[in-house]
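I opened the model to go through its backbone, its charges and its overall build. My notes follow in the order in which I looked things up.

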Amino acid sequence: MEKLRGKAFVLLGVNTDHELATAQAAMKNNRLPFRSWADGSPDGPICKQWNIRAFPTWYLIDQKGAVYARDTSPEVAEPLIEALLAR
């Protein structure tokens, strides 16, 4: 996704580790370049609201807040992001 750096989109994550320190260490150790919320467990409120049952689950949301795509693999996500940005 390096070629998308500087484009008008944001990556956000949800971490389901039970301990906040574990979630923070995972972000640091894996050098994840995006913000992530700690949900506390796979049954946390964010996972429930967004119907996240498997990891990773991707949602691409357009500028108006509409879901553009869901459950895409990383290989599929990049061209979908490019298509969304071209709209």
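I began with Arg31, which counts as exposed because its relative accessibility is 73%. My cut-offs are under 20% relative accessible area for buried, over 50% for exposed and partly exposed in between, with a 1.4 Å probe and protein chains only. Arg31 sits in the loop between H1 and S2. I read its phi as near 50°, a positive value in a residue other than glycine.

Ground rules, before going on. This is a predicted model, in which local features need pLDDT of at least 70 and side-chain atom pairs count only at pLDDT 80 or more, while totals for chains, interfaces and linings use all residues. Residues are numbered from 1 along each chain as its sequence is written, and side-chain values use heavy atoms, with hydrogens and water left out.

**Backbone**

I looked up Asn51 next. Its phi is near 55°, also positive in a residue other than glycine. Asn51 lies in the loop between H2 and S3. It counts as partly exposed, because its relative accessibility is 36%. I noted that most residues other than glycine have a negative phi, and most peptide bonds are trans. Which residues does a cis peptide bond join? They are Phe55 and Pro56, with omega about 0°. Pro56 is in the loop between H2 and strand S3 (59–61).

**Charges**

How many salt bridges does a search of the whole structure find? I got one. The criterion is a side-chain nitrogen of Lys or Arg within 4 Å of a carboxyl oxygen of Asp or Glu. The partners are Arg87 and Asp62, at 2.9 Å, N to O. Arg87 lies in the segment after H3 and Asp62 in the loop between S3 and strand S4 (67–70), so the pair ties together parts 25 residues apart in sequence. Asp62 is buried at 16% relative accessible area.

I then checked Asp39, in the loop between strand S2 (35–38) and helix H2 (45–49). Asp39 is buried yet has no salt bridge. The nearest side chain of opposite charge is Lys48, 8.9 Å away. Leaving out residues up to four places away in sequence, Asp39 touches Val14, Asn15, Gly44, Pro45, Ile46 and Cys47. Contact here means heavy atoms within 4.5 Å.

With 69% relative accessibility, Lys28 counts as exposed. From Lys28 to Ile61 I have 26 Å, C-alpha to C-alpha, across 33 residues of sequence.

**Overall build**

I listed three helices and four strands. These are DSSP runs numbered from the N terminus: helices are H or I of at least four residues, strands E of at least two. Their order along the sequence is β-α-β-α-β-β-α. The C-alpha atoms fill a box of roughly 40 × 25 × 20 Å along the principal axes. Of the 87 residues, 24% count as buried. Among contacts with a separation of 6 or more, 32% come from residues 24 or more positions apart.

**Confidence**

The protein averages 85, and 98% of the residues score at least 70.

Terms used
Lys and Arg count as positive and Asp and Glu as negative; His and the chain ends are not counted. pLDDT is the predictor's confidence in each residue, from 0 to 100.
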